[in-house]
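Hi,

Here is the structure I promised to pass on. Have a look at it first, and then read my notes below.

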Amino acid sequence: MIIGTAAERLDAREKVTGAARYVSDLVVPEMLHAKVWRAPVPHARLLGVDGSRAARSPGVVAVCTATDLPVKRLHYGPAFKDQPILAHEIIRYAGEPVVAVVADTERHAAAALALIDVSYRELPAVTSAAEALAQGAPVLHPALDRSGHFRDLSGLRPVAGTNVCQHYHYERGDVARAFAEADLTVEDVYHYPALSHHALEPHCAVARVDGDGLAVWTGTQHPFPVRKELAEVFDLPLAAVQVIVPLIGGAFGGKCYTKIEPLAAALAARVRRPVRLALTLSESALTITRHAVAVRLRTAVRSDGTLLARECDVVLDTGAYADIGPRVATKAGYRAPGPYRIPCLSIDARCVYTNNVPAGAYRGYGVPQVTWASESQMDQIAERLGLDPLAFREKNLLKRGEEYVAGDTPMDGDMADALAQTGAAIDWGRARERGRGVGLACAMKDGGGTHTVSTAAVRVNADGSVTLLTGSVEMGEGSRTALAQIAAETLGVPLSAIVVESPDTSITPYDHGTSASRSTTVMGLAVEAAARDARGQLLELAAKFFGTEPEKLAIHDGVVACGERTMTVGDVVSGHFGLVGGEVTGLGTFVPGTWSGSLGGATLFWEVGMGAAEVQVDADTGEISVEKYVSVADVGQAINARECAAQDEGAAMQAIGPALFESRVSEAGHLVNPGLIDYRVPTFADLPRELETVLIENRDGPGPFGSKGVGEGGTFCPAPAIANAVARATGVRIKDLPMTPERVWRALRDARGTRRG
Amino acid sequence: MLGEFDLVEPTSVAEASEVLARHGDAARIYAGGTELILAMKEGLIRYDYLVNVKTIPGLAGVRVNDDGTLRIGGATSHRALERDPLVRERFPVIARMESDVANVRVREVGTLGGNLCFAEPHADPGTLLMLFDATVRIERKGGARTIPLEQLFVGPFETCLEPDEVLTEIVVPPLPVHSGAAYLKFGFLERPSVGVGVAVTTDDGRVREARIAVGCVGPVPRRMREAEAALAGQTAAESRNTLAEAGRIAARASDAITDLHGSADYKEHLVGVLLRRAFEQALASSDGSGAP
Amino acid sequence: MNAITMTVTVNGEPRELTVPTHETLIECLRERLGLLGAKKSCDVQVCGACTVLLDDRPVSACTVLAFEARGKTVRTIEGLACGDELHPIQAAFVEHGALQCGFCTPGMIMATVALLGENPSPSVDEVKHYMRGNVCRCTGYKRILDAILDASRRMAAAPAPA
């Protein structure tokens, strides 16, 4: 049984030897190089571009503005077609691509940028969601053109005449009455900052126009949605657009949906040669960001700790273009109450345009932001009521089988048990000395994506080797290996027999994308179905050779056995075709159900993530030291024991960044810290003395072998767990991230002042 | 991307100085390049000529005179200082400070002379070395001068060097007998946000002399002489009581600015905290052999 | 001069190259020599994805100029394994799950080679200090630390070829 083992990653060897080829390593014959001139101001009317000096610069082949691009549609976007490939008439954020240069070398293209003259007239800019919502704020997108790409986005509710491009609202129960009758009402506002994904490989795409078609190699998590977007940009049939994704150097949501592909493709079409567009790390930070979120949370509770009502007001800064912000806002709203039983709810989540860099998907997808608020407040409530924070949560946690929202999948895990394990792992009951504290948090998200389809194919070759065709992108999360394990186990062949092809929309069957913790479950089910299909065919063929029924046969380790008689899988295939050739192909598709819960579709599984932190606070400097962090993930069944735990650990460490020191800093719409010198990501120095992941495996997930999705849960809890630990260690509550030493010091000082005064 | 330039590789300081004089603003000394090449790649500065001082023999290396003075060639790497047995034995606080500069790759290539001459405010070496009353030898064709290190720094990214001058040596006298020294820094960004160095010389239970240097916080690293005076002559116990006041004096004198690294008032507060902690460490290591 | 002709020994092989003075070592390795293992990422010497060994010293190839390799040895990730046999550090990385997307991995491994070459039995704190300049966005560092400590034990038991 290969499931649940620590099988070696399929891509491990190539990655440790330097043989692995990422999209930025790719060389396409005859390719030219593109560089982008970016807007220096956040909001302006574009008056004119003079690229003549640049065009005469050595090696330059073309200098293009929006009107020079041979496209049928200039605008793209997964929710609204609001984002132009190059700025057209209006510049909406500092860093927005305005002019593109194509040259024979990167150096020549970069040198030409300095020779471009752009004239513009600055307009008043709104550089925060609050400014964008204020009376009289400029409306950045007066008319919105829905993309119509995704079913769950068909019900978007922008507010006309404002910068709100999506307003999610949900309510149930008599909220007003619940607040009136509550023993305690608590209201607070929390802030979560914008973050840069900083995957180590920046965005990169190579595009080539082939006769009537287009091929694009790109680091994307969504090859098929990108294909659709490109097809619409160029008015081509889907079959004429090919999107290929080799290994990519990290993504974390920053490579979701369409990014630089239309520009690379349009330039390739313009110059009739392949064009490579490789961004720098700083440029990637000017392409996409995490939503900065403000959460106002008001909670009504009984003195015994029973949650009665919650009012959540969530405001997301989606930047100049919506990207997938409307869905992030909807999900953030949906998840804001937390994993609890709360009879009365009133939720408003608004996705707001500003003149900042566009915000989109980022690991956790709104959950880290709303959980920062809700799990901080849970501890504040517990303190006011004199209750133990763990017991207070346990009392209100949804039980297995309980509904979160009417019509959606009931809770499919045992959260009370997960919470107990979290508490045990941090030794919750033991008192800590002054300046030291423990805190915990729990959260969940509806995992697997909404209305997403996956298809896979398993091709059994005549020598018994197997080609797995899947659109899942290998960006480090290990889907390539997990899916191969699922295929191997289901088919009955050794893992070493499986080769997984890179996603290629012309070859690998349709898949929605690699995000939302969906690949192990949704694509896994498709792979399992494909492998089962192939296995069934093999058994039918083998049965003929053995002169028996298929049910009497077993395949194990690549060998079909009928009692004592055996035959290799390869021999079955080649024997059937009568020569060393031919193949048996299995196909599997997973189409989600079509219930309608609040999100318009039933949740496949609940990704439950909990965390506990032990911290030491230096009262003089305000520095927080995380001594121990425990992350608990309910994964159903780990397909690969090691990679599953590794994903959760990595998620936790990544989220410790914004808890303590990581954030984008912008001044008047200008990103002050695009690169790594002034943007602090977690390093070895931040690794806690103890970092532990606990995987809960109750085999109660919908995926193959009882699996659920994993990969995002670890990001939910570090910030509130640490804040709760700090509060218990020092008595101060911090509501804005990151909890830098200065913030902590100021809060401690203010608290001392308040006590004295 | 890095612009084109002509590389000049002199084999003597005089030759280097001559080239620098000839090309003025169009030329710059190139040692490790960890700051220079970075700024050139970003397009912040550009030069037509880079004068490689690594090809000048004798410009890198560490020596200790008979009187205990440490002599560091301008082109000596941070890593060489970090690992040099003599530095570690006689000036361990300097070796420790060097070991925490940036990361190991920057330390392997970056030089002390280059670091001091680039005069990035958020840096460590200048702050600590001026605690020792270090001097720097500055040579040009036809002459040389020696100045206190503190005078080298004029402003952010600005030194008192003439265009044709080369910083060839950093001379670090030993601290007096019965001295201890400590350097503490703070910050969570790539470059340090606050750096405080303290050296204490004791005499029969009294602080004969206290030296305090503060860097990273203001435009240049500086000795805090007013704060030093407040501590001089006190017993160890008395000095502890004066530390808070000394910290306040030093904080005010540090010219702290509010930037990405923090607010001015927080930095001033940290100056006080680090001063207190560094003082305790320096005092503790002043007993005994005297190696700081 | 604005170009330098030099001999560099790259992964044990002497190469004669002429490089413009403005060419960085990573440009030389990737574009001139086709050694794509070292990666360009932050480009400001912070992330370490470009780490290679220059005369056995770890350097940021993104900022070291190519001509600085003249007369020296350069070791990249491609020169580490012995045919099909992985170096103990590579093997330890594989076994401990010390890589996910793998983009930081060549640099991380070369930095480890330098670390263990200098300090064959580092403590946890010594590893954290030395490796502070190699950023990983995926793993959270714990497994990399485990791999490095394990590799040091393996190499002490059976010294790897230089």
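This is a predicted model: local features need pLDDT of at least 70, side-chain atom pairs count only at pLDDT 80 or more; totals for chains, interfaces and linings use all residues.

In terms of contacts, 46 residues of chain C touch 51 residues of chain A. There are four salt bridges between these two chains. C:Arg30 forms a salt bridge with A:Asp25, and their closest N and O atoms are 2.7 Å apart.

Which elements give two or more residues to the side of chain C that touches chain A? They are helix H2 (88–96), helix H3 (105–118) and helix H5 (142–157) of chain C. H2(C) gives the most, with five residues. By class, that side of chain C divides into 23 nonpolar, 12 polar and 11 charged residues.

**Where chain C meets chain B**

Chain C also touches chain B: 31 residues of chain C are in contact with 31 residues of chain B. About 2,500 Å² is buried between them, and carbon and sulfur atoms give 49% of it. C:Met1, C:His22 and C:Gln45 supply 22% of the area that chain C buries here, more than any other three residues.

The salt bridge count between chain C and chain B is seven. Strand S4 (57–60) and helix H4 (124–130) of chain C are the elements that give two or more residues to the side facing chain B, and S4(C) has the largest share, four residues. The residues on that side of chain C are 12 nonpolar, 11 polar and eight charged.

**Inside chain B**

Chain B is divided into domain 1 (6–53), domain 2 (62–172) and domain 3 (179–284). The C-alpha centres of domains 2 and 3 lie 21 Å apart, and 21 residues of domain 2 are in contact with 27 residues of domain 3. The area buried between these two domains is about 1,900 Å², of which carbon and sulfur atoms give 57%. In domain 2, B:His122, B:Thr127 and B:Leu131 lose the most area to domain 3, together 37% of what that side buries.

Five salt bridges are counted between domain 2 and domain 3 of chain B. B:Arg223 and B:Asp133 form a salt bridge, with the closest N and O atoms 2.6 Å apart. S8(B) gives the most to the side of domain 2 that touches domain 3, with three residues.

**A covered helix in chain A**

One more thing to look up is helix H9 (residues 325–335) of chain A, which is mostly covered: 11 of its 11 residues are buried. Among them are A:Arg327, A:Lys331 and A:Arg335. What covers the buried residues of H9(A) includes strand S9 (164–172), helix H10 (367–385) and strand S26 (605–617) of chain A.

Cheers

Key. Residues are numbered from 1 along each chain as its sequence is written. Chains are lettered from A and ligands numbered from 1 in the order in which they are written. Side-chain values use heavy atoms; hydrogens and water are left out. Contact means heavy atoms within 4.5 Å. A salt bridge is a side-chain nitrogen of Lys or Arg within 4 Å of a carboxyl oxygen of Asp or Glu. Ala, Val, Leu, Ile, Met, Phe, Trp, Tyr, Cys and Pro count as nonpolar, Asp, Glu, Lys and Arg as charged, and the others, Gly among them, as polar. Domain bounds come from an automatic or database domain assignment. Buried area is the accessible area (1.4 Å probe) that two parts lose on being put together, summed over both. Buried means under 20% relative accessible area, exposed over 50%, partly exposed in between (1.4 Å probe, protein chains only).
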